[in-house]
Amino acid sequence: MTKAPSESNKIHSPKKHHQQHGSFRSHTLFLYVVAACVIFFILFQLVQYRHSPASNIPPPSSSFSWPLTNPLNAVSLEIPNYTHELHALVEKLSDSVTFLPLKDLRYADTAQEGHTWFMSSMYDNHVEEEVQYQHYPSAASNGRLLCIKGRDAHDGAWNSYAFAWRDALPPNATLLNGQTFVSNNHYSYENIWHGLSAMIPFVAWHLRPGRCASPARWVLYHWGELRTRMAPWVNSLMEATFDGPVNIEDFGGFGDEGVACFEEAVIMRHNEGGMSRERRLEVYDMMRCKARKYCDLRTGDRDKDVGVIGLTMLMRTGPRSFRNESVVVGIFQRECGKVEGCRLTVAYSNNLTVCEQVKLMSSTDILVSPHGAQLTNMFLMDRNSSVMEFFPKGWLKLAGVGQYVYHWIANWSGMKHEGAWRDPVGNDCPYPEDDGRCMSFYKKGRIGYNETYFKEWASKVLLEVKTKKMEEALNKNTALISGSCACN
């Protein structure tokens with residue numbers, strides 16, 4: 001009798017089913033691995049083709065800019081559908097560039113502090129003893145270029161900035177090649193002191209090891225408002241310093257909706273803030289040297305007789321001039337006549353060309369002048385020269401720290417500030433003493449004189465300078481014009 005099949009034979013074996021399913025998965029996994037290897041192999045060949053010396057496709061840029069469009073031609077050789085997708089991606093990146101106001105009104109109360117209201121979304125770099133700066137493209141911008149839109153000269157909030165990858169610039173953008181210096185100054189570029197103060201950090205950047213490259217253009221802002229001029233004296237000095245014309249960008253050819261993107265941009269918005277005295281001395285030494293070279297001054301142009309003392313009275317007209325100029329000149333002339341080798345020169349900076357000022361300062365050992373922008377010329381004297389400054393009534397109490405600016409520049413440029421005389425006599429302010437309008441009143445004041453004090457002060461300074469020059473002669477350490485300047 002035949003046996004009925006056992007129950008065990010009727011039941012499907014789970015183990016056997018699992019083995020069959022696992023076998024199927026193994027085959028599928030194998031196919032995925034093979035497909036992945038093929039894809040990686042193709043991509044590897046594309047990369048090798050792109051970097052091949054025989055290829056006409058340029059190698060990737062060494063800058064931070066991410067190359068989006070360069071490989072498109074190579075990719076299109078074998079995968080044409082990717083070209084359209086990459087172009088679409090570039091267009092989306094271009095359209096997504098976000099512009100922010102150059103002047104952020106949220107920081108109006110702290111416009112000169114911290115990251116300031118100019119390009120407020122970005123923070124400065126600060127290497128010890130160096131200037132505070134921004135440099136693009138860089139890691140701070142994720143390799144993107146700085147782009148600026150708008151050229152409003154009345155309200156910086158209408159001008160704007162953004163960052164974009166070089167291969168995905170915003171619509172209506174023009175790429176400006178070379179290095180661009182972008183300055184934001186809280187004061188006027190047409191005042192020679194404030195203008196020079198805004199230029200100093202760029203000279204310091206220029207002097208950094210491995211640089212010395214001159215800018216292709218300058219972009220000047222005052223409170224985020226575009227400026228297209230600087231004082232002729234400052235312009236000539238920068239022309240001498242950077243060995244070429246100063247090209248100030250006005251964005252005139254871009255239109256109201258045009259955008260300028262910079263291949264390389266250096267931004268300064270704190271003037272000389274952060275620089276050490278040693279670094280400032282290097283900067284002023286370089287500018288002095290370049291200015292003398294620019295004006296074709298040679299060592300022989302400086303009187304070789306170390307016994308000669310050049311006493312220069314650099315005068316003003318109008319506000320902060322001497323009320324009795326001839327009397328003041330007579331006092332210094334008599335004291336100069338008492339010192340062998342002393343030569344007095346009376347000059348007005350507004351009647352001199354830039355090179356005439358450079359030449360005059362190069363032969364000056366003692367500079368006598370009222371407080372004012374003309375004192376900026378002091379750094380063109382040889383190091384360790386002396387400065388004597390004069391103020392009208394009312395400045396000490398009301399002028400604030402700005403009245404000490406020429407003490408600072410004397411220190412930074414290696415000069416000796418011999419102090420200041422403040423006139424106690426003059427017209428009284430018609431407003432209460434603590435009224436802010438009094439400073440405007442005193443700012444227009446003129447300067448009197450104190451014959452006894454002036455005689456004693458002049459005699460003291462002349463004696464010190466004569467002693468110093470005699471010591472220099474003994475040590476054969478006379479200051480001569482160097483034939484070579486930094487970044488020559």
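## Surroundings of H222

Not counting residues up to four places away in sequence, H222 touches N184, N185, H186, Y187, Y189 and R227, where contact means heavy atoms within 4.5 Å. The model is a predicted one, in which local features need pLDDT of at least 70 and side-chain atom pairs count only at pLDDT 80 or more, while totals for chains, interfaces and linings use all residues. Residues are numbered from 1 along each chain as its sequence is written, and side-chain values use heavy atoms, with hydrogens and water left out.

H222 belongs to strand 7, residues 217–222; strands (E, at least two residues) and helices (H or I, at least four) are DSSP runs numbered from the N terminus. With a relative accessibility of 14%, H222 counts as buried, a term that means under 20% relative accessible area, with exposed meaning over 50% and partly exposed in between (1.4 Å probe, protein chains only). A polar atom of the H222 side chain lies 3.2 Å from the backbone oxygen of N185.

## N159 in its loop

N159 is placed in the loop that runs between strand 4 (145–149) and strand 5 (160–164), and N159 is buried, its relative accessible area being 0%. A polar atom of its side chain lies 3.0 Å from the backbone oxygen of G224.

Apart from neighbours within four places in sequence, the residues in contact with N159 are L100, P101, L102, K149, G150, R151, D152, Y221, G224, E225 and L226.

## Y161 in strand 5

Y161 lies in strand 5 and, at 2% relative accessibility, counts as buried. Its side chain makes a polar contact of 2.6 Å with the side chain of S121; such a contact is a pair of N or O atoms within 3.5 Å, and within protein one atom must be able to donate a hydrogen and the other to accept it, while residues adjacent in sequence count only if both atoms are side-chain atoms.

Leaving out residues up to four places away in sequence, Y161 touches T98, F99, L100, P101, L102, M119, S120, S121, L146, C147 and I148. One of these, T98, is 63 residues from Y161 in sequence, and the two C-alpha atoms are 8.3 Å apart in space.

## W408 in helix 11

W408 lies in helix 11, which comprises residues 405–413, and at 35% relative accessibility W408 counts as partly exposed.
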